[in-house]
Amino acid sequence: MTASSQGADAHRPYQEPVARLLDYGECHMAGGGAPELAWPNYVNELGLTSEHVPELIRLACDATLHTADGESLAVWAPTHAWRALGQLRALEAVVPLLDLLKTLEDDDWVASELPDVFGLIGPSAIPHVTGFLADRSNTKQPLMTAVKCLEEIAERNPSSRDECIGILAHRLDCGADNDPTVNSFLISALIDLEAVEAIDIIRQAFHKQVVDLAVAGDVEDVEMELGLRTRRSTPRPVYHPFFGNPLSGLAEVGSGAMTGKIVEASAGDRKVGRNDPCPCGSGKKYKKCCLQ
């Protein structure tokens with residue numbers, strides 16, 4: 001018996017057809033567009049229905065599998081499970097998956113895919129995500145992912161756009177209580193949703209110097225993204241010390257970006273646009289990859 005089949009057999013207490021996800025094997029991150037279009041159609045392939053939701057939740061949150069042998073097939077089963085929950089629009093999965101954001105806050109797959117899962121589940125998840133964003137016990141990374149969850153819900157369900165923008169803007173209005181990077185993700189989401197109506201709250205956050213400039217840029221960048229200006233009035237700041245001269249402005253950016261303090265960019269420095277290809281070479285947009 002192979003190591004991979006041994007890993008799967010160890011978890012056979014899962015009932016069919018959910019147990020078959022233990023053998024689905026390696027997942028692949030989609031390069032762009034709607035990632036779920038590249039996912040298997042679990043509902044059709046396995047005949048999944050709402051009655052399988054509790055078992056899928058148990059699989060998606062199985063701590064043993066999340067730390068299983070990286071060479072096993074079963075280690076991928078939780079990812080397949082939460083994808084299936086998204087395809088089933090399973091509202092019951094929202095709270096357990098939000099808890100997963102906290103327990104697996106450094107997991108790239110969680111940060112990358114759960115926003116898409118929440119987007120599929122739709123507007124019924126909004127109250128739970130709103131409560132999560134308001135919970136001050138939650139740390140930075142889970143909150144950033146939750147912001148992306150709310151953004152995906154709005155983008156996939158246009159009727160919920162105004163509600164989601166209102167929630168994001170309200171959280172930004174409490175900016176002094178937030179981590180500056182969380183504030184920058186709130187602003188990034190508002191840009192993606194073309195929330196021109198939130199510009200006063202966005203400007204106020206920059207004025208209070210509670211925004212990480214490395215994510216969406218400074219207030220002039222945001223105004224240009226929203227179509228409120230066509231050119232800068234001030235020199236472009238240094239946002240990313242990883243381009244041009246890697247030492248130029250590094251000390252200033254390392255501490256000043258969080259407080260709105262900036263240094264003028266040299267000719268060799270350039271800002272990676274949120275919609276540009278990610279410098280890591282994944283093929284995804286920067287905002288969908290390493291920016292998260």
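Figure 1. Apart from neighbours within four places in sequence, Leu-143 is in contact with Phe-132, Leu-133, Asn-138 and Val-182, contact meaning heavy atoms within 4.5 Å. A separation of 9.7 Å is found between the C-alpha atoms of Leu-143 and Leu-186, which are 43 residues apart along the chain. Residues are numbered from 1 along each chain as its sequence is written. Because the model is predicted, local features need pLDDT of at least 70 and side-chain atom pairs count only at pLDDT 80 or more, whereas totals for chains, interfaces and linings use all residues; side-chain values use heavy atoms, with hydrogens and water left out.

**Figure 2. Ser-160 in the loop between α9 and α10.** Ser-160 occupies the loop between these two helices and counts as buried, with 3% relative accessibility. Its contacts, leaving aside neighbours within four places in sequence, are Pro-123, Ile-126, Ile-153 and Ala-154. For Ser-160 and Pro-123, 37 residues apart along the chain, the C-alpha atoms are separated by 6.4 Å.

**Figure 3. Packing of helix α10 against helix α12.** Helix α10 (residues 161-173) and helix α12 (residues 199-207) pack at an angle of about 25 degrees, and their axes are 9 Å apart. Axes are lines fitted to C-alpha atoms, for helices over the stretch in contact, and angles run from 0 to 180 degrees between N-to-C directions. The two helices are therefore roughly parallel to each other; angles under 35 degrees count as roughly parallel, over 145 as roughly antiparallel, 65 to 115 as roughly perpendicular and the rest as oblique. The contact is made by Ala-169, Leu-172 and Asp-173 of α10 together with Ile-201, Ile-202, Gln-204 and Ala-205 of α12. By class, this contact has five nonpolar, one polar and one charged residues; Ala, Val, Leu, Ile, Met, Phe, Trp, Tyr, Cys and Pro count as nonpolar, Asp, Glu, Lys and Arg as charged, and the others, Gly among them, as polar.

**Figure 4. Packing of helix α3 against helix α5.** The angle between helix α3 (residues 53-60) and helix α5 (residues 77-87) is about 140 degrees, with the axes 8 Å apart. Helix α3 is therefore oblique to α5. From α3, the contact involves Val-53, Leu-56, Ile-57, Leu-59 and Ala-60, and from α5, Ala-77, Pro-78, Ala-81, Trp-82, Ala-84 and Leu-85. The contact of α3 with α5 has eleven nonpolar, no polar and no charged residues.

Figure 5. Glu-16 and Pro-17 are joined by a cis peptide bond, with omega about 5 degrees, and Pro-17 lies in the loop between α1 (3-9) and α2 (42-46). Glu-194, a residue other than glycine, has a positive phi near 55 degrees; this residue is in the loop between α11 (180-192) and α12. Glu-194 is exposed, its relative accessible area being 60%. Gln-209, also not a glycine, has a positive phi of about 60 degrees and is placed in the loop between α12 and α13 (213-216). With 42% relative accessibility, Gln-209 counts as partly exposed.

Definitions and conventions:
Helix = DSSP H or I, 4+ residues; strand = E, 2+ residues; numbered from the N terminus. Buried < 20%, exposed > 50% of the residue type's maximum accessible area, 1.4 Å probe, protein only.
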